[in-house]
Amino acid sequence: MKSGKLGILVLLVLFSSSTCSAWFGSKHKSSSGRSSFRPDEASSSSSSSSSSPYILNRFRAGSSVVFPVHGNVYPVGFYNVTLNIGQPPRPYFLDIDTGSDLTWLQCDAPCSRCSQTPHPLYRPSNDLVPCRHALCASLHLSDNYDCEVPHQCDYEVQYADHYSSLGVLLHDVYTLNFTNGVQLKVRMALGCGYDQIFPDPSHHPLDGMLGLGRGKTSLTSQLNSQGLVRNVIGHCLSAQGGGYIFFGDVYDSFRLTWTPMSSRDYKHYSVAGAAELLFGGKKSGVGNLHAVFDTGSSYTYFNSYAYQVLISWLKKESGGKPLKEAHDDQTLPLCWRGRRPFRSIYEVRKYFKPIVLSFTSNGRSKAQFEMLPEAYLIVSNMGNVCLGILNGSEVGMGDLNLIGDISMLNKVMVFDNDKQLIGWAPADCDQVPKSRDVSI
Ligand SMILES: *[C@@H]1O[C@H](CO)[C@@H](O)[C@H](O)[C@H]1NC(C)=O
Ligand SMILES: *[C@@H]1O[C@H](CO)[C@@H](O)[C@H](O)[C@H]1NC(C)=O
Ligand SMILES: CC(=O)N[C@H]1CO[C@H](CO)[C@@H](O)[C@@H]1O
């Protein structure tokens, strides 16, 4: 069964301290030992200066960067952007992930384990981030992490579906086009990942990961700390595939529905208030849900109880309609066939009602996150309609509810780290904003 990608494992770390070791395990460090990283041997790129002549601190609030994204929930299973990194700049395809902070590239350090990449492996700069640097510290769970090699920052990231990357943090130059027409070369940290484990390398044909979480190493946070954009990240993923992401102020905040971010789970875009679930406008009896938004996951995951109530409702609802459970379709756990194969999700819309997550903040105001049928169903390659909300308990997510790509389709989603707010609104994501005065 192909279930797309799944968000990051730290989710679990935060809610259960016993799994802490999973985040920075020693699994594939132990055998070979941790060798000192020697970029001079590997690097062909010209030396980059640490005194950074590239950064011009004259762009304050109001400036932004917009990238078109490619991909879809099904059958591709991920969204990617092209970033230009290095000197001279070279393009890389990166998986966008709001569930993790670190941007890393499969890297010729040399590489012990890399998958097939669309571009030649990244050749690391020799501008290493030292072990005691704040950015390095932010990648570790505790402050007293190992610094055997003081001039280098070793890291290991692991994702929930057992992807992992072991590497070294360094600085290099990103070439970014700002929406005011200016192109800047910005020196920022990224990971040189020289040892990756991909459960299925063919399923992840990318050069690396673009980390857009709440932590210090995330791209938005680094741009913000250099005074270039507000610490805001947003995305608009189209149900037709593609869309765009943006950093900084690009949106008209009055048109969005806002709800506060959790201060307890400071690593993820989780909502402070609990949600109740409405099915077709009616109360479902499921409440007190804690939700995390994460583009690193293709599908949405509900906790076991919410999932069970959802399944019963859907089975009841589909009765009397020209839909029959399609047990032979292994695309996702629950699929239905129609009288004829469906070609598009818009043909099945009429058989399904919206699902709403109604968030309570400050005990009063309700922020409603509406999922239309296209935000929880896909049409499989067999022409059946399948449920894109999965049982989180089956993948060890406990009580957490993970709102993945599918449920954020056709919405502009904004994660405002300055104001600690999450906002959304229905949107046409097919038009990538280009002009100087972008306003969505
Ligand atoms: C940035 O702008 C330059 C010049 O306007 C253009 O050639 C280039 O394709 C743009 N890069 C991206 C990633 O949009
Ligand atoms: C969800 O997964 C849990 C754990 O595997 C299982 O006990 C439960 O029966 C599942 N729920 C449904 C409705 O399949
Ligand atoms: C593997 C994959 O889907 N790569 C896409 C990433 O995005 C670029 C454009 O930015 C596409 O050309 C690639 O096909």
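Helix α6 (residues 304-318) contributes the most to the shell around ligand 2, giving four residues; helices (H or I, at least four residues) and strands (E, at least two) are DSSP runs, numbered from the N terminus. The structure is a predicted model, in which local features need pLDDT of at least 70, side-chain atom pairs count only at pLDDT 80 or more, and totals for chains, interfaces and linings use all residues. Residues are numbered from 1 along each chain as its sequence is written, while chains are lettered from A and ligands numbered from 1 in the order in which they are written.

The residues surrounding ligand 2 are S304, Y307, Q308, I311, N391, S393 and E394; a residue counts as near a molecule or strand if its C-beta atom, placed from the backbone, lies within 6 Å of it. By class, this shell holds two nonpolar, four polar and one charged residues. Here Ala, Val, Leu, Ile, Met, Phe, Trp, Tyr, Cys and Pro count as nonpolar, Asp, Glu, Lys and Arg as charged, and the others, Gly among them, as polar.

Around ligand 3 lie H70, G71, N80, T82, F93, P205 and L206. At least two residues of this shell come from each of β1 (64-72) and β2 (78-85). The shell around ligand 3 has three nonpolar, four polar and no charged residues.

Turning to the sheet, four strands form an open sheet in the order β17-β18-β22-β21, with antiparallel pairing; two strands pair if DSSP finds at least two bridges between them. β17 (324-325) and β21 (377-379) are at the edges with a single partner strand each, so one side of each has no neighbour in the sheet. β21 pairs with β22 (residues 385-387) in the antiparallel sense over three bridges, and V379 stands opposite V385 in β22.
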